[in-house]
Amino acid sequence: MTGRLNSAQPYALGMFRIVVGMLFACHGAVSLLGLLGGVDGNGGTVETGAWPGWYAALIELVGGTLVLLGLGTRAAAFVSSGAMAYAYFKVHQPEALWPIENNGEGAAMYCWAMFLLVFTGSGAFGLDRLFTRRSSANGERQAERTPVTA
């Protein structure tokens with residue numbers, strides 16, 4: 001049983017990355033582009049250049065899209081994780097201590113999900129793997145990567 005689960009790990013990680021990236025990008029699209037109802041429910045957007053909302057939305061849209069595609073996953077996830085940590089501690093945490101009290105569950109979950117992707121990489125189905133295979137096929141030396149298992 002453990003062997004089968006371990007062999008499926010890259011695929012489960014790839015699906016996790018796709019779902020988290022899509023949800024994160026949608027969150028940014030709501031604020032930045034006014035999609036899915038926008039910030040006010042009527043297609044409204046955050047004011048261009050407004051700190052921190054517009055910048056957070058830009059990081060969410062771009063970072064989420066890169067994570068979704070599995071392109072530069074570790075760097076995009078690192079920046080996205082930091083943005084969500086900032087959102088939690090500067091916006092939510094001053095309201096109350098616990099995420100359930102300050103409506104910061106989303107920021108905390110995105111922060112930790114993206115932080116996990118910093119260490120695991122894109123998993124299966126990512127463009128990172130496609131480019132890695134292509135460069136190793138051209139004769140470049142590739143470092144051996146073994147997944148971390150518990």
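Residues are numbered from 1 along each chain as its sequence is written, and side-chain values use heavy atoms, with hydrogens and water left out. In this predicted model, local features need pLDDT of at least 70 and side-chain atom pairs count only at pLDDT 80 or more, while totals for chains, interfaces and linings use all residues.

The protein has seven helices and zero strands, in the order α-α-α-α-α-α-α along the sequence. Helices (H or I, at least four residues) and strands (E, at least two) are DSSP runs, numbered from the N terminus. The C-alpha trace spans about 50 × 35 × 25 Å along its principal axes.

Of the 150 residues, 32% are buried (under 20% relative accessible area, 1.4 Å probe, protein chains only). Taking contacts (heavy atoms within 4.5 Å) between residues at least 6 apart in sequence, 65% join residues at least 24 apart.

A pocket is an open set of points on a 1 Å grid where a 1.4 Å probe fits, with protein on both sides within 12 Å along at least five of seven lines; lining residues have an atom within 4 Å of a point. Of the 22 lining residues, His27, Ala56, Glu60, Met84 and Ala87 are the closest to the pocket centre. The elements giving two or more residues to this lining are α2 (9–33), α3 (53–69), α4 (73–92) and α6 (105–120).

Terms used. Buried < 20%, exposed > 50% of the residue type's maximum accessible area, 1.4 Å probe, protein only.
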